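Open your viewer and keep the selection tool ready. We will go from stop to stop.

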Amino acid sequence: MTTLLVANDGGHIMQLHTLRRRLEIDGDPIWVTPRTPQTESLLAGEEVFWTDPCPTRDVRAIVHNARLTRPLVRRADVRLAVSTGAALALAVLPQTRLRGIQTVYIESATRLDSPSLSGSLLARIPGIDTYCQSRAMATGKWRYLASPWDLYVTHDVASPQAISKVVVSLGTSDRYGFRRLLERLVPLIPPDATVLWQTGSTDCTGLEIAARPSVPAAELQDAMREADVVVAHAGTGVALAALEAGKYPVLVPRRAAYGEHVDDHQTGIARELGGRGLAVVRQADEISEDDLIAATTKRVERVPESPALRIRTSPPA
């Protein structure tokens, strides 16, 4: 039996990659995702069907990728398809369900109390099993699966550490920049510190930083492990990466009012991790040098055992 693991790049693929260790899936899956430095690095050694980019709310890209993946979906040995979104799920999952393949959609952990547009549309298709990663969202068709944040605990460090290495990560969005955060950080970071600036599509003109739009997942993960401080937009993927690297990150939510994202869902992510004591949370215009120092006073560990997650297809009694 072949399983298709379907996800857009960025936080969606990071979530599915993390969940893969816990899902009871037989055999080696085929990953279905756009080819980017992140996905190439993250999925090295795996079998991958590379799609074309599938941006949020881009109907043409959804239709194009539906046609592109049609031969894969028609393979006789495909028995299960699992996706954590977003738009790419709309291209693939209706096809798998139409062919009678067991189809599962797991809503992003960014959605705390209501589904995304992709999730809302897929939940209307009979036979697609829908799961969420927030207990507050578990109602109607949405069954609670697990929260990724339950896997991490924070420990105090004896004293603040000197800041000599910093990672700043703004994700991989090709539509939304986050210059407000960079403008705030540049004068705060010690001038002699080594900084990896992963800036996505943000316009960095005049900031005099060594900006890199994207960084391979393995390189970014190594840099986070070695860093004294990780500062990032409040995306699920980068938050998971920082916690996996043992860091207590400074998370800054993008705001729709400034054209930094399609909505304010990152505010919810930041609030969730801040409430759990897993991150320093600040607005872009509020970050201080003290916040960077505070991030060096804690370390994060993964809990020793992560219980397996069973996806069931029969409706709850």
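What is the relative accessible area of E40? It is 38% for E40, so this residue is partly exposed. Keep in mind that this model is predicted.

**Stop 1: charged pairs**

R35 is partly exposed, at 49% relative accessibility.

Next, select R212 and E219. Their side chains meet in a salt bridge, 2.6 Å from N to O. R212 is partly exposed at 31% relative accessible area. E219 is partly exposed too, at 33%.

Now pick D264 and R255. Here the side chains meet in a salt bridge of 3.6 Å, N to O. D264 has a relative accessible area of 34%, and R255 has 27% relative accessibility. Then select R21, E244 and R302: salt bridges that share partners join them into one network. The structure holds 18 salt bridges.

**Stop 2: an aromatic pair**

Select Y105 and W142. The structure holds one aromatic pair, and Y105 and W142 form it edge-to-face. The centres are 6.2 Å apart, with 70° between the planes. Y105 lies in strand β5 (residues 102-106) and W142 in strand β7 (residues 142-144), so the pair ties together parts that are 37 residues apart in sequence. Are these two residues buried or exposed? Both Y105 and W142 are buried.

**Stop 3: a positive patch**

Finally, select R67, R70, R74 and R99. They gather on the surface in a patch of positive charge. Zoom in on R70, in helix α3 (residues 59-73). R70 counts as partly exposed, at 36% relative accessibility.

How values were computed. Residues are numbered from 1 along each chain as its sequence is written. This is a predicted model: local features need pLDDT of at least 70, side-chain atom pairs count only at pLDDT 80 or more; totals for chains, interfaces and linings use all residues. Side-chain values use heavy atoms; hydrogens and water are left out. Patches are made of residues with over 30% relative accessible area and no salt bridge: like charges are joined within 9 Å, nonpolar side chains (Val, Leu, Ile, Met, Phe, Trp, Tyr) within 5 Å. Accessible areas come from the Shrake-Rupley method with a 1.4 Å probe; for residues, only the protein chains shown count as cover. A salt bridge is a side-chain nitrogen of Lys or Arg within 4 Å of a carboxyl oxygen of Asp or Glu. Lys and Arg count as positive and Asp and Glu as negative; His and the chain ends are not counted. The place of a charge is taken as NZ of Lys, CZ of Arg, CG of Asp or CD of Glu. Helices (H or I, at least four residues) and strands (E, at least two) are DSSP runs, numbered from the N terminus. Buried means under 20% relative accessible area, exposed over 50%, partly exposed in between (1.4 Å probe, protein chains only). Rings of Phe, Tyr and Trp (its six-membered ring) pair if their centres lie within 6.5 Å; planes under 30 degrees apart count as stacked, over 60 as edge-to-face and the rest as tilted.
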